Amino acid sequence: MVVVEQREGKLNRLSWETLAAGQALAAETGWVLEAAVVGSGVSGFAGEIAAKKVSKVYAIESPKLEPYTPDAFSTALKQFLESRQPKLVLMPHTYQVRDFVPKLATAMGRTAISDCIGYKKDGTKLLFTRQMFQGKLAADVSFACDAPWFVTFQNGAFRGDKVEAGASAAPVETVNMNIADGAVRNKPQEVFKEAKQAVDLTQAEIIVSIGRGIKEQKNIELAKQLAEALGGELAASRPICDSGWLPMDRQIGSSGQTVAPKLYLALGISGAIQHIVGMKGSRTIVAVNKDSEAPIFEIADYAVVGNLFDVVPPLIEEVKKARAGS
Amino acid sequence: MKILVCMKQVPQKDAPLKLNESGTWIREDVSYEVNEPDAFALEEALRQKEKHGGEVVVITSGPARSQQVLREALAKGADRAVHLEDNAFVGLDALNTARAFAAAIKEEKFDLIFTGLQSDDYGYAQTGVVLAELLGWPHATIIMQIENNDAGIRVKRELEAGFFQFVDMPLPAVLTIQSGINKLRYATLIGIKQAKNKPLRKVAMADVQSALSANLQKIERLYVPQKTKQTQFLEGPAGEVAKKLVDKLRNEVRVL
């Protein structure tokens, strides 16, 4: 059972990735793949998914499911899953899913293996792979309890464009949920954006990005000079923006922008998962870090183990020379 | 306002990690520090207390070494601490960790419980939300601001891609705190001195065992991830490395 996520009138990209994961798992295990979409007036989304290779799609409906609250989502999905008893429940690891899945699993006396990047079949045993210690290590995790098993998949773990279309449209069943008055305790207000985004980093072809390794605010000037020499934009990992050294709109990662430039040059960035998910689609990744075990090197095409303050000044000069000569 | 802050000790960010012999956990002989989002959760609790009065209690679970996290919190201004002391707490899954915390505080009445939004070791991002469900309390995650209002509190949730949302909710409640919600303070010398006389209650595994079950999920194998990319390491003196890199950028990456 794949539970997809819709927001602002469309299914998000991660939902397609999770559906791809569900199709791959169904093909390998021979299990039946069904999907569910939760909300108010979601039959359109259900129809969209029904065109894909799935056995059945459920539209779980209640006026109380809009806007999203963890109480309503957990209540509705608990009722639904208890009646359907799926073996495995897959969801994308979004901020919304993180908000309600631990509650839902606990309410059902179950557990969720969260933020997985893949799965393995070890004989009859299913293992789910997740990153630990900020990506320095990986773990294969199994369920030691009865079904339903909850799994959430990380952004980019599967290819959303690999979702197979169905031979014919799958049946859609609308399930109307009764959510008691008073069951929903949180009162969410409108979603808003803090400030108009001044820079759209998603359009940049070259990004020079800085992390904790930059050490002091005044050192940012050095990175800026490199970005200018390369004709690129300056960006940062979360701690830099948290410190107020660069505005929030230059933040790359799960809480910032997701980018895929031709060149991503990471200076003093260790490569925590939250950062990696925002830039791992970059065509070429260059990493400079003094810690040879930094996880950023796992995804780097070119790696320099060393002090960025030694490497960047001559790099600026060499880039300028190269540009002047071309 | 009486606030409980759940904190965790994790390996230092740049600590080299070694696997244990069975390949199921890391070797314990590394340097530890407080889980970063938990430090922000503590800071927020201290600020709430300064604004509204009340008490800040900190709790952690783990072997003797993890008491350091509580000592630091007391030095920064927390009033009391609770330490679930046993090495076995380290291996508990999120559900059992939350059960242990709930059992350890069952005699107390808190208005708010804070956790960091996730830990730097397991990275489940679950314990706070699970604890809320066990207590029957509402929760909100990834919080960037907390204000009191007539009905309880108004919190600012961070959503993805630069979006935010205010949520009104009643108390008591559990909030998971995002890094960067505030500016961290340092412990003062006086604070460090005073911390020595602040109460620290120890809870043994035996005291909470009846609330726990076998873990519902199991780490079968922990390992160094296989590289998916062929990485070229550029070595030599800085000037030479710079030359090599520019050559790659020009001839292989073709961006210059």
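Start by selecting the elements that cover the buried residues of α4(B): they include α4 (95–107) of chain A, plus β1 (2–6), α3 (94–104), β6 (112–116), β7 (139–149) and β10 (173–177) of chain B. Helices (H or I, at least four residues) and strands (E, at least two) are DSSP runs, numbered from the N terminus. Before moving on: this is a predicted model, where local features need pLDDT of at least 70 and side-chain atom pairs count only at pLDDT 80 or more, while totals for chains, interfaces and linings use all residues. Residues are numbered from 1 along each chain as its sequence is written, and chains are lettered from A and ligands numbered from 1 in the order in which they are written.

Now select the helix itself, residues 127–135 of chain B: seven of its nine residues are buried. Buried means that 20 or more other C-beta atoms, placed from the backbone, lie within 10 Å of a residue's own. Among them are Thr127(B) and Glu133(B). Just past the helix, click Gly136(B), which has a positive phi of about 75°.

Next, hop to Arg130(A) in strand β8 (residues 125–132) of chain A. Is Arg130(A) buried or exposed? Arg130(A) is buried, because 26 other C-beta atoms sit within 10 Å. Show its contacts too (C-beta atoms, placed from the backbone, within 7 Å): they include Ile113(A), Cys116(A) and Val141(A).

Last stop: colour the open sheet β14(A)-β13(A)-β15(A)-β16(A)-β17(A)-β13(B), six strands with parallel pairing. Strands pair if DSSP finds at least two bridges between them. At the edges, β14 (233–236) of chain A and β13 (232–233) of chain B each pair on one side only.

Definitions and conventions
A residue is buried if 20 or more other C-beta atoms lie within 10 Å of its own, exposed if 12 or fewer, and partly exposed in between; C-beta atoms are placed from the backbone. Two residues are in contact if their C-beta atoms, placed from the backbone, lie within 7 Å. Lists of a residue's contacts leave out its neighbours within four places in sequence.
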